Amino acid sequence: MSGTGTDPERARWARLEGTLDELLALVESERQRRLAELDASVPEDAAALRGWLRGIDRADEIPLPDAARGAQPAASQRVGPWILLQPIGQGGMGTVWLAERADGAYRQQVAIKFLREDSPSLRSRFAQERQALARLQHAQIARLLDAGFSAGGTPYLVTEYIAGVTLDHWCARAQPGLDERLRVFRAVAAAVAHAHRHLIVHRDLKPQNILVDNEAQVHLLDFGIAKLLDADGAQTHERALTPDFAAPEQLTGEPVTTATDVYALGALLYLLLSGRPPLAMRDLSLAEFVRRACEVTPPPPSEVTTLTQVPARQVRGDLDAIVGKALAKEPADRYATVDALLRDLDRSAARLPIDARAPSRGYRLRRFLQRHRVAVAVAGLLGVAVMLGVAGTLWQARIAAQERDRARAERDAARLEAARNGALYEFLVGLFRDSANESEKFTASELLSRGAVWLGAHPPADRDSAVLVHSVLGELQLLRRDPQGARELLAPLLERSDIDELPAELGARLRCVLAFAEHAGGKLERARELSERGVALATALTGSARATLLRCRSVAGAVLADLNRDAEAMDMLRTALAEAEGGVGEDTESALQLAGIEHAYALGSYYGGKIDDSLTHNERALAIYTRLGRRDSAAALSTLGNLALARLNGGRVLDADASFAEVIARTEEHAGASAGLSQRLINAATAKLVLEQPDAAVPLLDRAAAIQRELKIAEGAPLAQAAIERAKAALLQRDFGKADTELARAETLIAASYPPSHHYRGLVPEQRGRLLQARGDPAGAQAQLDIAAAQFRSGGRAALRPLVRTLALKIEFALGSGDAAALRSAADAAANAAQPLPFGDWLRAWTEALQGRGRQLAGDAAGAAQIHSAEPRLAAALGAEHRLTRAARLWTGHAERTARTPGVALDTETTRPDP
């Protein structure tokens, strides 16, 4: 019979082939469980599959050529610094083993993927996977930790070990509802979007390549078939795909692009919404499933769903349309990017019109009415209130919610809240009325400054109303990144003799807003006292007033993190995050509260040295702001800025540089000059200086200084950081006198902003070491670096990067000493210290290059291979022409020349990097 899928024997063969692929992707325990299920349902299939699996095992035992003999992995075998424990998977590319660290440096379990030695084409693809994964640093992508060749010549990749189940098995076991399924999908899509920004296409997205761990977090696996895009989007010729999730162009041999992954994401979303893939392809011949993929449009998921947890009515409409657009047959008809797909999901959740649906007037009107049910009902009564501005409306909405909660318990409290509401209303109306009487136009910052003056001339009549209005204005100033203005406005209130008689919520709010301002100004101990007192006052609050407790906990956590009290900080933030996630409602205010806690948790993770966690929680916060249509709000821009900073401290400096450029442009467009913009300019200058571009960094620092002068900022951590960065720029420009001046200024500012135990105290001796080395005093330089290293060691995990950076500097400066043994020992210590950093972090790559250089100088031929491994990672993080990348390239080339010319010694002077 023809290959139409009706021949029973052909259909059984296709079914067995598909099941075999599934079995090969499973760990041994899951594989045996699946075979047991088949024994009970289709015993003849189970018997055949067991025979095939035994055949695969025997094929693996076929003697290899002499060059590869002995390369097959085995339990207890040592592979680099790892020891193999047990096989956990097998597939077309080879075997995957569970392993653990064997050299005692630290305890860690990993997954090691070995390439089959009998497949040269797979070896080439494996080398490509190694290069691709090294460029990816994302919380939802399994991280590449190591790579190399075993003693027998087998190439291997070491990735983090994920203890979890595949996405389809998780769905079957957890029975998640729609919101949880969409959360998981968003996490997968965000990881794919990250890969696309690095010009990497996955090409085989499917449930078996997505693991869900015990905390319901997803991890995207197997970029082994990823293809780096050429500048023109080069066509690929291999057919590594899964029919149910393969785009039409993959089956017809047309170019594979990011649109291919958009299609696969659409198929995954279809599966999550309906419980089945878009087109049933398992029992079809190759010709038939190519035809169906290219010609048959699947029904909307709402029409075929079999999931009791996801009612069809929840899927019908927007979600059907989003899936349909992602699954379009022509790549040009799909979403242009994964971000565009995610944007439509966010807009649908916010009841905004989506791009996937025709923009009819009726559809847009329905979405507007769904978003603004209450507003439309009362628009005739409250039209004038719109003029009070978004901030005032939000605060009045919160006060109204608090009135409702308290009125249920005590009628007198409702009258008190009404009085406060009246005071706030009078303040806002009076301020805007007075400003409207003048022809001059004011910026938001100028209007807030005028608000403080207006309050001084028109103080509320009673104490509670005065504290409320001052607190609201202080919070608005903090949103505009004016901590000094907030501090000047609020600090005098604590001097009132009756301040301790305030209601708990008002007292807590006042202290926590002021704590935020003190923290931003570097007054850490004062901020700690205020925030902890605020938490104590707010603990007993109930109802909507619990928002004040969450705010106080987030502030207290951030302050504790900055004081190096990491465990206490994360406990505080974890408690706030759990409460926010457990109690968040569908209203905008609750969602904004959760976003604020996510951002605070990201900051705590950042200060604790957990960069991946920081990236994850910042991205969650941004997703909420995007869903609410507030991506350009002050809070969202702050989150974006901290994302850029986390990327910088994750060692991906080129990515961070681009991110800073974006957030600065958006901040200038939507917020104007502020302390927040000043800080982002300083952070952007830091990235430029790591890239050794002082001429680009100095204008950024000048713009930051102009804003600081405009805002009358004369002290605090930002000024200290700016002085350090100016010193770095002067050193790169070889202006040693200016570097000396800036370091003295930085030392004074840091001493005023941080306690003696804080690791920031090591920044000045670190830069003084650079300065002394540049002036020809290597002994003095080493002494200063020793002081810096000791200070950084006291800072724990938060100070790991500056510690590794200082250790690397000591080695750079000692390269010409001639003491190869001491140099190698120091390089080994630095490289070991850098191991917890991500594999793609330039700082880890540089320490490993220095370690390889030390081995070269000690006569160890393995050093050149280590430098060769570090060079592409340096190029990806810093650029191919960065000084450190060129140094690694020069060392590798020099080693190769030496190998061709026996007896020629390595020239340590000509290859030593400049200070």
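A: Let's start with E692, which sits in the loop between α29 (675-690) and α30 (694-710). Helices here are DSSP runs of H or I with at least four residues, strands are runs of E with at least two, and both are numbered from the N terminus. The phi of E692 is near 60°, a positive value in a residue other than glycine. Is E692 buried, exposed or partly exposed? It counts as partly exposed, at 27% relative accessibility. The cut-offs are under 20% relative accessible area for buried and over 50% for exposed, with partly exposed in between (1.4 Å probe, protein chains only).

A quick word on what you're looking at. This is a predicted model, numbered from 1 along each chain as its sequence is written, where local features need pLDDT of at least 70, side-chain atom pairs count only at pLDDT 80 or more, and totals for chains, interfaces and linings use all residues. Side-chain values use heavy atoms, leaving out hydrogens and water.

Another residue with a positive phi is S76, at about 75°, and it is not a glycine. Look for S76 in the loop between α3 (43-60) and β1 (78-79). With a relative accessible area of 58%, S76 is exposed.

Now step back to the whole chain. The protein has 39 helices and eleven strands, and 53% of its 915 residues are buried. Take contacts (heavy atoms within 4.5 Å) between residues at least 6 apart in sequence: 62% of them join residues at least 24 apart.

What about the inside? A nonpolar core is a set of buried Ala, Val, Leu, Ile, Met, Phe, Trp, Tyr and Cys residues joined through side-chain atoms within 4.5 Å. The largest one holds 119 residues, and L510, F660, W842, W846, L878 and W891 touch the most other members. Helix α31 (residues 717-732) gives the most to this core, with ten residues. Apart from it lies another core of 53 residues, including V165, I322, V338 and A340. In soluble globular proteins, nonpolar side chains tend to be buried together.

Zoom in on W891, which belongs to helix α39 (residues 883-900). W891 is buried, with a relative accessible area of 0%.

A845, in helix α37 (residues 842-857), is buried at 0% relative accessible area. Setting aside neighbours within four places in sequence, A845 is in contact with A870, R873 and L874. A845 and G651 are 194 residues apart in sequence, yet 9.5 Å apart in space, C-alpha to C-alpha.

Last, a helix pair. Helix α26 (residues 611-627) packs with helix α27 (residues 634-649) at an angle of about 155°, their axes 9 Å apart. Axes are lines fitted to C-alpha atoms, for helices over the stretch in contact, and angles run from 0 to 180 degrees between N-to-C directions. So α26 and α27 are roughly antiparallel to each other, a label for angles over 145 degrees. Among the residues that meet are I611, L615 and Y625 in α26, and A635, L640 and R647 in α27. The residues of this contact divide into ten nonpolar, five polar and two charged. Here Ala, Val, Leu, Ile, Met, Phe, Trp, Tyr, Cys and Pro count as nonpolar, Asp, Glu, Lys and Arg as charged, and the others, Gly among them, as polar.

Note on methods. Angles under 35 degrees count as roughly parallel, over 145 as roughly antiparallel, 65 to 115 as roughly perpendicular and the rest as oblique.
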